[in-house]
Amino acid sequence: MLGKVLIANRGEIALRIHRACQEMGIRTVAVHSTADASAMHVRLADESVCIGPPAARDSYLNVAAILSAAAITGADAVHPGYGFLSENANFAEMVEAHGLAFVGPSPGHIRMMGDKIAAKDAMRRLGVPLVPGSLGALNSLEEARSVAAEVKYPVLIKAAAGGGGRGMKVARSEEELEEAWRVARTEAKAAFGNDEVYLEKYLDRPRHIELQVMADAHGGVVHFGERDCSLQRRHQKLVEEAGSPVLSATERDALGAQVTRALRELGYRNAGTLEFLWQDGQFAFIEMNTRLQVEHPVTEMVCGIDLVKEQLRVAAGEPLGYGQSDIRFHGHAIECRITAENPDTFAPSPGRVHTYHAPGGLGVRVDSALYSGYAVPPHYDSLVAKLVVHGATRAEAIARLRRSLDEMVVDGIDTTLPLHRAIVEAPEFQAGDYNIHWLERFVARRQEGRS
């Protein structure tokens, strides 16, 4: 087993990783910027190293500083968490080149899945269903027109190296295609340094369904069921559920068997999440995230398995030690991502937290690095807490979520707690009757009502 792990991240995920390490008897090293000197993960870690000023490019993206911190503290491994360097294949290569274990997939698989065209091509070869569209990058506007005519409008132009909705434009007619093509390529070049784009059929009412997988280096691959992440605003997830209100156990098992077979053939290792669009009973692969997901706690709540501990065991070379038939799903879990933003305008709201009170009780979990008196810095992602609830049924989970949201207090800064309280009361949410476009319309109606 690993003796000491450097956590190359910050905030709630850094604290989450520290807790798993502590329970396994693994010492931790926290790296931090000057803005995070008083952060909870820094205060609790066995050792800490300042790696630069507040700007992420000078600290949490500073590869030389992170590797130097690992060297001077004698770390055995690096856990990247999510975001920052977690899906940077070059970073993973450098970690391994320095004799450290990278707690994640191989650099080759990170690189493959980071290129959405290469990822789709791999999944196509392995028999995983895809959204109809171009077979690879589009070489010209004329080629885009030809593919669009074949799959029928509306269509989506997407960046090959994209993420977070950037480099993604809808064209509902041939007249709109040229503008979508031009804007998507421009955004992709600016955001990712790569203007390659491809085309997919635009689905009008899909759900976003993802499957959590774990693989060891000995051929063992399992899945931990699906998460429904359809409640999104501007391609950013706000609420996630495990399992999905629309999937049956039969559909889950069929998709899981297909995915685990594909990843076994690829020789994949460690944690990963395959994302699909689901509409009218059909799945279509869109991308794979080669890291731990923000929403992994909902999976842990229904499976009773600590995914970070599993990551650490696999990184140490251990086999999973169990098969798919050993995994059982119990009840229903829902996660709300609480961010430091105005709940109406979504303007960032950094500042000092005067009072922080986390809800509790049976089936309630809060992953957060907040504490009373903590100053939320303006330099990073606005996520400040994840409220996760579990119930024997979806109805019980919703009732528990409503109660927990009412209990939770974050005073001193604006947060999205009021928005989450409103979502829980929406009849469509309570019925599980929503798709990836529903939340945008819900927020718009809510803003109109306040104007």
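Helices here are DSSP runs of H or I with at least four residues, strands are runs of E with at least two, and both are numbered from the N terminus.

Some ground rules before we go on. This is a predicted model, so local features need pLDDT of at least 70 and side-chain atom pairs count only at pLDDT 80 or more, while totals for chains, interfaces and linings use all residues. Residues are numbered from 1 along each chain as its sequence is written, and side-chain values use heavy atoms, with hydrogens and water left out.

The chain has 15 helices and 20 strands. Its radius of gyration is 21 Å, close to the 22 Å that the globule rule gives for 451 residues, so the chain is as compact as a globular protein of that length. For the record, that radius is taken over C-alpha atoms, and the rule is 2.2 Å times the number of residues to the power 0.38. If you want a box, the C-alpha atoms fill one of roughly 60 × 55 × 45 Å along the principal axes.

How much of the chain is buried? Of the 451 residues, 58% count as buried. Buried means under 20% relative accessible area, exposed means over 50%, and partly exposed is in between, with a 1.4 Å probe and protein chains only. Now contacts, meaning heavy atoms within 4.5 Å: taking those with a separation of 6 or more, 66% come from residues 24 or more positions apart.

On to charges. Lys and Arg count as positive, Asp and Glu as negative, and His and the chain ends are not counted. Each charge is placed at NZ of Lys, CZ of Arg, CG of Asp or CD of Glu. With that, the 49 positive and 58 negative charges have mean positions 1 Å apart.

The whole structure gives 42 salt bridges, each one a side-chain nitrogen of Lys or Arg within 4 Å of a carboxyl oxygen of Asp or Glu. One of them pairs R16 with D306, at 2.7 Å from N to O. That pair links distant parts of the chain, 290 residues apart: R16 is in helix α1 (residues 11-23), and D306 is in the loop between α10 (296-303) and α11 (307-315). R16 counts as buried at 7% relative accessibility, whereas D306 is partly exposed at 21%.

Then there's R365 with D367, where the closest N and O atoms are 2.9 Å apart. Both of those residues are buried.

And R402 with E425, again a salt bridge, 2.7 Å from N to O. R402 lies in helix α12 (residues 394-407) and E425 in helix α13 (residues 417-425), so this pair ties together parts that are 23 residues apart in sequence. R402 is partly exposed at 28%, and E425 is partly exposed at 43%.

There's a network too: E210, R227, K237, E240, E275, E295 and R337 are joined by salt bridges that share partners. Let me pick out R337, which lies in strand β14 (residues 332-339). R337 is buried, with a relative accessible area of 13%. Setting aside neighbours within four places in sequence, the contacts of R337 include K237, E240 and E295, and L383, A385 and H420 are among them as well.

One more arginine: R291, in the loop between β13 (282-289) and α10. R291 is buried at 16% relative accessible area. Not counting residues up to four places away, R291 touches several residues, including Y82, S86, E87 and T273.

Last stop, backbone geometry. Most residues other than glycine have a negative phi, and most peptide bonds are trans. So, back to P154: a cis peptide bond joins Y153 and P154, with omega about 0°. The bond from A242 to G243 is cis too, with omega near -5°, and G243 is in the loop between β11 (236-242) and α9 (249-266).

For phi, look at H235, near 65°, in the loop between β10 (221-233) and β11. H235 is partly exposed, at 45%. N270 has phi near 75°, also positive and also not a glycine. N270 is found in strand β12 (residues 270-279) and is buried, with a relative accessible area of 1%.

That's it from me.
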